[in-house]
Structure formats: C-alpha cells, structure tokens
Amino acid sequence: MPISCLIANIDLTHEQQHVLELAFRQALRKLDLVDRNNPICELVAKKMVDIHSRGVTNAIALAELTIREIGLPKQ
C-alpha cells in the first residue's frame, strides 16, 4: 500500500505530501519491506500520518519515530 492512497483524502500541502512519501520510503527501506501489499506497510503508513499530525515534519525523524513507535526491528 503506497502512503499516497492514505493521504489522498487529507488536507496537506504538496510539500507535506512529499515529506510523508519520502519518510514512508525511508522507513520501508530500513525495515527491508519490499512488498507494498504486506499489511505491515499499511501499519507503517497509518502510524506515520499519526506522528505527522502531532507536528513532526522532518522526513528522517518521521521514519525513525514510526519504526520506534511500531516496535519493529530495523534490518
């Protein structure tokens, strides 16, 4: 599941969308998740949107916090 499907109905600027997409790809790389149909990808996307809504706007920080809060080990 690409994060773009999840954020399509959220009022975000182009820059905010771009940051979320970058962070999502970074988190998936760190977790070694290649198959976007893996249910963990949806979990990552939802958690990332939640963290972003709390004010985290840096892509690297978003990726790291998402992984930490989900509790998945980085590869």
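Helices are taken here as DSSP runs of H or I with at least four residues, numbered from the N terminus. In the predicted model, helix α2 covers residues 14-30, and just after this helix D32 adopts a positive phi of about 55°.

Helix α2 comprises 17 residues. The distance from its first C-alpha to its last is 24 Å, close to the 24 Å expected at 1.5 Å a residue. Its buried residues are V19, L20, A23, F24, A27 and L28. When the helix is viewed down its axis, these buried residues fall within an arc of 160°, and they therefore line one face of α2. An α-helix has 3.6 residues a turn, so residues three or four places apart point the same way. The buried residues of α2 pack against α1 (3-7), α3 and α4. On the other side of α2, H14, E15 and R29 are exposed.

Helix α4 spans residues 59-70 and contains T66. T66 is buried, its relative accessible area being 0%. Leaving aside residues up to four places away in sequence, T66 is in contact with V44, K47, M48 and I51. Helix α3 runs over residues 39-53.

Five salt bridges are found in a search of the whole structure. One of them joins the side chains of E64 and K30, with an N to O distance of 2.7 Å. E64 belongs to helix α4 and K30 to helix α2, so this pair ties together parts that lie 34 residues apart in sequence. K30 is partly exposed, at 26% relative accessibility.

A salt bridge is also formed between K46 and E42, whose closest N and O atoms are 3.0 Å apart. Both residues lie in helix α3, four residues apart, which is about one turn of the helix. K46 is partly exposed, with a relative accessible area of 46%, and E42 is likewise partly exposed, at 35%.

The side chains of K47 and E69 meet in a further salt bridge, at 3.5 Å from N to O. Here K47 is located in helix α3 and E69 in helix α4, so the pair ties together parts that are 22 residues apart in sequence. Salt bridges that share partners join K47, D50, R54 and E69 into one network.

The structure holds zero disulfides. A disulfide would require a pair of cysteine sulfur atoms within 2.5 Å. For C5, the closest cysteine sulfur is that of C41, at 12 Å, and this is too far for a bond. C5 counts as exposed, at 52% relative accessibility, whereas C41 counts as buried, at 0%.

Key:
Residues numbered from 1 in each chain as written. Predicted model: local features only at pLDDT ≥ 70, side-chain atom pairs only at ≥ 80, totals over all residues. Heavy atoms only, no water. Buried < 20%, exposed > 50% of the residue type's maximum accessible area, 1.4 Å probe, protein only. Helix = DSSP H or I, 4+ residues; strand = E, 2+ residues; numbered from the N terminus. Contact = heavy atoms within 4.5 Å. Salt bridge = Lys/Arg side-chain N within 4 Å of Asp/Glu carboxyl O. Expected span 1.5 Å × (residues − 1). Arc of directions from axis to C-beta.
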